[in-house]
Amino acid sequence: MLIAMLLTAMSTYGKSRQLPLVLQRTFEYKKSVAGQVHGTSTNVYSRYTLFVERRNPMLFAVPTLYVIARGDRQYISESYSRLVFRDIDKYDAFRQVNVNTVPRHRRTMPTLIHYMTPNLYNVTLIQDHLLSPFHPKNAPCYKYKSEAATDSTTRVTFKSKIKNTQLVTGEAFIENATGRIISATLNGEYDMLDFTLYVEMGPDGVASLLPHICDMKGKFIFMGNRLRFNRHSVYGLGTFLPDSIREKDDRALMESLRPDCLNEEEKAIYHIYDSIEDSKAAAREAARLADTTTVDKKRKYNFVKDFLWDVIGDNIVNRIRVNYGGKDKGSFRIGPIFNPLYFSYSDSKGLVYKFDVQTRYNFTPNRFFYFRFKSGYAMKQRRFYFNIPIQFMYNQRRNANVRIDISGGQRIYNSSILDDIKSEGHDSLDLDNMKLDYFHDTEVRMNNNYDISDNWSVQGGFVYHHRYAFDKSGFKKLGRSPSYHTFAPTLQVQYRPKGWRGPALTLNWERSFKGFLKSDMGYEKWEADASLQRQFHRMRSLAFRVGYGVYTSKAKHSYFLDFNNFRDEKIPGGWNDDWSGEFQVLNRNYYNMSNYYVRTNTTFETPLLILSRVPWAGHYVELERIYVSTLFAKELHPYTEYGYGFTNRLFSIGVFMGMKNFKFDRIGCEFDFELFRRW
């Protein structure tokens, strides 16, 4: 069945028919353009209006919308920025003038910014989503019709063959002689946004790959909340402002930069805002004049509004982002302190509360410092766990960095200690109920990595483990230590035959000497790993990994067998989701029982697989995945795990079935919120 599903996903949508000649020229147009987008810069004016048509308390939980969850129902924002492009949809923006009516000048719905530079000729229109109808690889997903618009242009309409959130409908006017897109209108629904996007492209050369005018209108609907928005951007403006001007709030300057006129609705928003501000100012002035005890009395501090609402409330449910240092060299980020939309669920951990803090400071373009505190609390296990990576990059060109990872809260199982204690006698004690086989594990790992070239990397360092009994009372009765320590030097060599875009072959060595730096155990282990992540057209990808590990030596009473690659995400660059590369329903007790393993993990991902072909479901499903994993280890010959998962605008879910030695073992489910992850 899995093979049939894969073949279905890899197949096209019926037989290809002859496409209009002008569209075939469009498919090749980007290759005919001389020059590169990289390094191109432009001035852009952008205007954004937001209308709150219906709202309720759930709007507080939406990132960047907390600030408008009460008060006014209509807002306007204008900005004038300098853009330096690295690619069509990747650029550095320097906002020089910014005026708006949003409280405290906060940004609202910043995800709309990505839609204002659509990459029409690319596989995906907006970053890594929305399949473009103007790319030949996506043609099987669309139906096209063409008709003459003028003697030199053709109107091409397109619609998706199936109802899927990754596909769009609309029309484009194309130049007959070259295939250049003159303008296009795109209609779609993705990530809680129902939108219409109108793009007027530049006239020729590199400019023809970039928008000249981009208009977006649409609505956002979430749990009874309904917002309507409009965004208008004009590129290629000729007015250059000094680099010293940044984030200037100057209405008069903006009026001189604005390339067009405000409509009546937009003027009304400014008028209402100014009237309210003038009334507040007049009231403050009247209160000041009426008070004869002081010349300049400060506004009375309102604890509920100024502290509970503006400070505590905003920071609890939304991300906190702050830049610091000269020229914003440093950045500080905190995930929502308490937002129910950022919880996750798994069969083994239950409901998981997550908290994330990170900071980075760039000393030079080639050197930076990075710190992160990533933690969670698993309510089913009643366990707090954390991971703290600390990294100093001293030569980014060679990926030369020193990294320290500190992690704790891991609960591990080891039955070999209990087996040794049973062999010593102690018949008078009920050993099986003394919890002698469960331990906490705190780990400190330090590595220094250096990329010799795009093909070779070398990494050396050490790893320290402190494992201590979950219940120490039993060990005290037996006169045994409840704690175990290991310190081991490590070495890793990685070979990438085709550079960073191809497979990666990794060899790891680790050796602990009993008695060295108070190590309780002596061992030597080797691990070999090969991994590959391959991207295909139409947003499809295949991730594959095979690995082997073995303890070549192990001193007596070396109880804890811990393979680095057994359950970590080791594919360079990371997997596309949180569950690939791991065994989801395998009993964790097997992790420290075997002195060897052989494993494989495969994940196939596509937006168009099973549910995408169901009319109602396909309208919401963004990505689907198939998982197949196998493991050979002690008592497992083999263990196999099959899974299916999908992602929509609300959540990701995966269902996994484990087979132990060709017999059914168990079924498990993983769940994670996806709401506003890209916001």
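The questions below go from confidence to a helix, then to strands and cores.

Q: What kind of model is this, and which residues count?
A: The model is predicted: local features need pLDDT of at least 70, side-chain atom pairs count only at pLDDT 80 or more, and totals for chains, interfaces and linings use all residues. Residues are numbered from 1 along each chain as its sequence is written, and side-chain values use heavy atoms, with hydrogens and water left out.

Q: Where is confidence lowest, and where is it highest?
A: pLDDT is the predictor's confidence in each residue, from 0 to 100. The protein averages 85, and 88% of the residues score at least 70. Helix H1 (residues 2–10) is lowest, at a mean of 49, while strand E8 is highest, at 97. Residues 568–576 stay under 50.

Q: What makes residues 21–32 agree with a helix in length?
A: Helices are DSSP runs of H or I with at least four residues, and strands are runs of E with at least two, numbered from the N terminus. H2 has twelve residues. The expected span is 1.5 Å times one less than the number of residues, so H2 should span 16 Å; its end C-alpha atoms are 16 Å apart, which agrees.

Q: Which residues of H2 are called buried?
A: Buried means under 20% relative accessible area, exposed over 50%, and partly exposed in between (1.4 Å probe, protein chains only). Val22, Leu23, Thr26, Phe27 and Tyr29 are the buried ones.

Q: How do you know that they share a side of H2?
A: The arc is taken from the directions from the helix axis to the C-beta atoms. Theirs is only 160°, which puts them on the same side of H2. The face turned away carries exposed Leu21, Lys31 and Ser32.

Q: What do the buried residues of H2 pack against?
A: Contact means heavy atoms within 4.5 Å. They pack against strands E6, E7, E8 and E9.

Q: Why are E21 and E22 called paired?
A: Pairing requires at least two DSSP bridges between two strands. E21 and E22 have 13 and run antiparallel, so they pair. Tyr464 has Phe487 in E22 as its bridge partner. Six bridges join E22 to E23, also antiparallel.

Q: What makes a set of residues a nonpolar core?
A: Its members are buried Ala, Val, Leu, Ile, Met, Phe, Trp, Tyr and Cys residues joined through side-chain atoms within 4.5 Å. The largest has 69 residues; Ile68, Met109, Leu120, Tyr144, Phe220 and Leu227 touch the most other members. A second, separate core of 17 includes Tyr523 and Ala633.
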